[in-house]
Every structure is written in structure tokens, then in C-alpha cells.
Amino acid sequence: MQSASPLWTATLAAAAMCAFAANSLLCRLALGARLIDAATFTSVRLVSGAVLLAALVAWRQRTRPWSGFDPRAALALFVYAIAFSYAYLSLTAGTGALILFGAVQITMIVAGLASGERLAVAGWTGLALAFAGLVYLVAPGLGAPPLLAALLMALAGLAWGVYSLRGRGVADPLRATASNFIWSVPLTLLSSALLASEYHATTPGVALAVASGAIASGLGYVIWYAAVRRLAALRAAAVQLSVPVIAAFGGILLLDERFTGRLVLASIAVLGGIALVLYSRVPGHGRP
């Protein structure tokens with residue numbers, strides 16, 4: 001089978017980043033307003049994603065969606081989801097985004113360098129520019145974050161980096177994602193049972209969790225798995241820096257947040273930096 005074109009890979013990656021940004025907005029809406037507790041939100045999110053993905057696999061491929069069990073990917077998915085939910089109960093959006101994607105960057109860059117990947121000078125320049133743009137966007141709102149919440153968000157970033165790296169080797173992104181969601185369900189239901197004393201849920205909170213799980217997470221992760229297996233680890237890490245910028249624009253459109261010149265400059269830096277990374281040559285790897 002011929003490899004996908006650079007344009008198709010870029011399209012998949014852009015669609016996945018939009019889904020991740022939408023997921024962030026849905027989580028903030030539900031958890032920020034305390035419409036649902038974090039453990040229940042996580043369980044509804046993962047269960048609804050598992051149901052939708054299992055149905056898609058059964059319909060399209062007529063195979064068992066739970067086959068191909070990858071315990072490390074399923075565990076990484078659960079750890080990311082639960083840590084993300086609890087961290088955002090205390091962290092501001094800017095602080096959380098910086099910690100999360102900083103941890104993702106470190107995880108994937110270390111993995112990429114360990115496997116022999118290298119970036120040319122333009123690539124490292126782009127990576128630095130993108131990260132600087134992200135810091136410029138969120139730094140004005142940074143304070144001293146609660147230590148436990150900061151550690152939880154760093155753990156979420158580490159888990160997401162591991163999950164993304166696991167996805168680079170899969171031949172069937174849809175079935176792999178469905179399997180990961182299905183096998184994460186026992187873990188998330190156990191966590192909800194252990195934290196039953198915290199339970200509270202409203203209809204809007206459950207609806208937001210379902211949208212987060214079935215659409216922004218489930219379908220978004222399928223698209224990301226399809227894109228990330230065509231990207232070197234260093235490039236895949238850089239692409240994800242765009243999510244906070246996309247989420248910020250989503251906040252302007254959906255949450256009535258203020259449009260600023262700082263946001264424009266940060267977006268140019270982040271997206272321009274990503275472009276440099278994506279189109280700089282990595283020795284031993286072709287362009288995406």
C-alpha cells in the first residue's frame with residue numbers, strides 16, 4: 001500500500017488537534033462549573049467512547065473490537081483521562097495547558113532521541129519557537145499552581161505521550177482505539193466505585209462527558225492514531241503544541257473570551273514553529 005501524502009497526513013493531524021481542543025473545552029465546561037464529579041466524568045467519557053468505537057468496528061469490520069489488547073496503551077489512556085480530570089478541578093486553563101503539553105513534549109522528544117531521531121537546525125529552531133509561543137500565550141495567567149494538581153497534569157501529559165507513541169505501530173487505528181477504550185473501562189469503573197463518596201452529576205454534565213468521550217475523544221483518537229503512525233516522534237510532539245492555541249480561539253467563539261493581540265502573536269509563533277519542525281528533515285526519516 002502506498003504511503004499517505006504529506007497533505008493527507010497534515011489534514012489528519014489538523015483534524016485530530018481540533019478534536020483535542022474541543023475535548024478540552026468540553027472538559028472545562030463540565031468540570032469548571034462542577035456539573036459532574038471528576039471520576040464520574042472520566043467514566044462516562046471512556047465508556048461512551050468505548051461504546052461508539054465498538055459499534056463502528058462491529059459495523060465496518062465485523063470483528064471483535066476488544067481484540068489486539070495492548071495493556072500499556074489502555075493503562076496510559078486511563079491514567080491520562082483520570083489525571084486530566086482531577087487536575088483541571090484546581091488548575092487554571094493556561095497553567096494546565098502548559099504543564100500538560102510540556103510533559104507531552106518531554107516524553108515524546110526523549111523517546112524520539114532515544115530511538116535515534118534527530119532534527120536539523122531549522123527543526124530545533126521551530127520547536128523552540130513553538131514552545132516559546134505557547135509560553136507567551138499562557139504565562140501572563142500563571143501563578144503558583146497547587147502542587148498535587150500540577151503533578152497530576154504532568155502525569156496526564158506523560159501518559160498521553162506514551163499513548164501517542166504506542167499508536168505509531170498499529171496497523172488498524174480504529175480497532176486499536178476501540179480496544180484501548182474497552183480495556184480502560186474496568187479501570188475507570190473501579191476508580192468511580194472507590195470514589196463513590198464524591199459522586200454528583202447533572203444532566204448537562206453527563207451530556208458534556210458523552211460528547212467528550214464519543215466524539216472529541218473516541219473519534220479524535222482514531223484520527224490521531226492514523227496520523228501519528230506517519231509522523232516521527234519529534235514532529236508528533238511539536239504538532240500537539242497547537243492544541244492550546246486552537247482551544248483559546250474556541251474559547252473566544254464559544255465561551256465569550258476576549259480576543260487579544262497577544263493571542264494572535266502567540267498563534268503565529270506556535271503554528272509557524274510547527275511548520276518549521278514538520279518540514280525540516282529528520283535524518284533517517286522521510287517527510288510526513
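A: Happy to. Helix 6 (residues 147–167) packs against helix 8 (residues 203–228) at an angle of about 60 degrees, and their axes lie 8 Å apart. Helices here are DSSP runs of H or I with at least four residues, numbered from the N terminus; the axes are lines fitted to C-alpha atoms over the stretch in contact, with angles from 0 to 180 degrees between N-to-C directions. Helix 6 is therefore oblique to helix 8, since angles under 35 degrees count as roughly parallel, over 145 as roughly antiparallel, 65 to 115 as roughly perpendicular and the rest as oblique. The crossing of the two is right-handed, that is, the near helix is turned clockwise from the far one by less than a right angle.

A caution on sources: this is a predicted model, where local features need pLDDT of at least 70, side-chain atom pairs count only at pLDDT 80 or more, and totals for chains, interfaces and linings use all residues. Residues are numbered from 1 along each chain as its sequence is written, and side-chain values use heavy atoms, leaving out hydrogens and water.

Which residues meet? From helix 6 come Trp160, Tyr163, Ser164, Arg166 and Gly167, and from helix 8 Tyr221, Trp224, Tyr225 and Val228, contact meaning heavy atoms within 4.5 Å. They divide into 6 nonpolar, 2 polar and 1 charged, with Ala, Val, Leu, Ile, Met, Phe, Trp, Tyr, Cys and Pro taken as nonpolar, Asp, Glu, Lys and Arg as charged, and the others, Gly among them, as polar.

Now the surroundings. Thr107, in helix 4 (residues 93–114), touches Gly157, Leu158, Gly161, Val162 and Leu165, not counting residues up to four places away in sequence. At 13% relative accessibility, Thr107 counts as buried (under 20% relative accessible area, with exposed over 50% and partly exposed in between; 1.4 Å probe, protein chains only).
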